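Here are some notes for your review.

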Amino acid sequence: MTTADQFNVHYLKKHYAKRQVLDEVTFSLQAGQTHLLSGDNGAGKTTLLRILAGLEKPDSIQIDLGMGPLNWRHVKKTLQQHALYLHQHPYMFDGTVSYNLGYAIGVKLTKQERQRQIDKALEWADLKQLSQAPAKSLSGGEKQRVSLARAWLKRPSILLLDEPTSNLDQESRHRTLSLLEAFKSDGTAMLLASHDPMHFPSLIDQHLRLDQGKLIRIDDQNPIEFDQTHPNFRSTA
Amino acid sequence: MPESLPQPNTDHMDSLTTTTLAALELLFSGNPELWEIIAISFRVSGVAILVASPPALLVAFILAYYQFPGRRLLISINSTLLSVPAVVVGLTLFILLSRQGPLGEWKLLFTQTAMVLGQIALAFPILVAMGHSALQACDRRAWETARTLGATPLRALITIMREARFGLMAALLAAFGRIIAEVGASMMLGGNILHYTRNIPTAIALESSKGEFAQGIALGLVLLILAFTLNAFLQHFQGKGQPA
């Protein structure tokens with residue numbers, strides 16, 4: 001977080017060719033809150049997440065650092081220090097699950113300390129029995145848990161999630177949701193892109209919608225409507 | 001009475017068999033001159049690959065992962081360099097290194113260093129082209145995942161190299177196979193000096209021109225065995241590099 005519990009983004013702009021994907025987007029993320037980012041396919045959800053992760057350069061952006069305007073290099077560095085982006089389909093490095101978790105720890109710790117942290121992450125994500133399995137051969141749900149465990153080891157202030165439960169079966173979805181709830185309890189701000197808010201009824205604190213490059217906040221006057229008959233609603237609420 | 005059909009000339013067959021047997025004897029009896037030539041070949045080509053690989057793979061990475069003006073032109077130039085004959089590379093370096101050339105003061109002509117330079121020039125475009133293909137085939141999410149997990153650009157680069165290691169190993173083997181068997185640049189830049197710059201291909205050329213086929217065939221067998229071994233490894237690594 002750039003301040004104690006709030007991260008503010010102003011005037012975020014991005015265009016591709018002649019299309020303005022993000023048009024002066026301004027919003028805040030709060031610690032311990034989950035912000036749902038919805039929008040149609042191609043609305044710019046993934047672009048927004050990738051810019052906040054420092055993986056893509058915007059046309060313009062301002063973030064609150066209390067030190068005046070900064071160039072993209074500094075903004076990118078700050079974003080990479082605070083935010084962690086999880087792909088829709090997580091990438092697993094060639095190696096075991098333990099190797100993948102160890103990657104998030106860095107290279108400065110002793111071997112024993114690294115192993116201790118890996119063990120804790122394996123336990124956290126219920127992956128102990130898969131610790132020596134080749135990560136590339138895991139199922140989609142297991143890969144998602146490994147990627148969340150890697151994120152848990154990094155302890156980011158902001159977690160940027162791109163359709164984290166798409167293509168997952170019901171059981172994997174529930175396990176992913178419970179891990180995301182653990183992040184929320186730990187005070188992590190989450191920005192979660194999904195075209196289907198019904199997948200995360202118990203997690204969401206604020207609903208932001210991208211429409212033709214503009215970010216619309218769906219608040220009490222314009223509430224998100226959950227379908228209470230949806231199977232996810234009943235099982236996770 | 002029909003005329004009898006011409007009979008195959010068995011003298012040539014006998015001659016080839018005798019020469020091949022003599023070649024095998026030379027090879028396995030540990031003939032010091034022969035093995036010295038083999039050692040020079042491996043040393044020169046090994047050093048050339050070691051020196052050429054880091055910058056070539058870095059260029060391959062930049063071409064695969066960064067967009068910048070002139071990138072396509074660089075790829076086209078590199079592809080063109082792939083098809084330049086070894087003798088042309090040798091001639092160009094010969095002019096540069098000859099006494100009247102701009103680098104004549106270095107006095108490198110007819111040394112192993114000159115041969116290494118020639119082989120670097122030959123290996124570089126192969127390493128860039130094959131390295132570029134291998135790195136481009138590597139999933140872009142690997143780089144992004146490494147960076148978002150806090151890896152420095154250098155650590156992320158090493159990670160990408162590790163992910164694409166089978167394709168990169170294939171590039172190294174292909175480049176090594178190409179330079180250890182080339183004769184044009186080595187002949188022009190090394191001068192084929194016995195005990196110093198005579199390597200396998202230049203020795204084969206010399207011995208064949210003298211009519212001494214046994215040593216030529218023995219050295220040819222070494223190249224053949226090497227080519228087979230490199231290809232076996234190449235198949236192995238390229239197979240492993242395929243996505244599951």
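1. In β7(A), A:Leu191 is the bridge partner of A:Leu160. This is a predicted model. β7 of chain A spans residues 189-193, runs parallel to β6(A) and is joined to it by five bridges.

2. On β6(A) there is also strand β5 (residues 83-86) of chain A, parallel and joined by four bridges. A:Leu86 stands opposite A:Leu161 of β6(A).

3. β6 of chain A covers residues 158-162. Five of its five residues are buried, so the strand is largely enclosed by the rest of the structure. In a regular strand, side chains alternate between the two faces of the sheet. Here A:Ile158, A:Leu160 and A:Asp162 point one way, and A:Leu159 and A:Leu161 the other.

4. A:Asp126 is partly exposed at 40% relative accessible area; A:Arg175 is partly exposed at 27%.

5. Within helix α4 (residues 111-124) of chain A, A:Glu113 and A:Arg116 sit three residues apart, about one turn. Their side chains meet in a salt bridge of 2.9 Å, N to O.

6. Over all chains there are 15 salt bridges. One network links A:Arg50, A:Glu56 and B:Glu144.

How values were computed. Residues numbered from 1 in each chain as written. Chains lettered and ligands numbered in written order. Predicted model: local features only at pLDDT ≥ 70, side-chain atom pairs only at ≥ 80, totals over all residues. Heavy atoms only, no water. Buried < 20%, exposed > 50% of the residue type's maximum accessible area, 1.4 Å probe, protein only. Helix = DSSP H or I, 4+ residues; strand = E, 2+ residues; numbered from the N terminus. Pairing = 2+ DSSP bridges. Salt bridge = Lys/Arg side-chain N within 4 Å of Asp/Glu carboxyl O.
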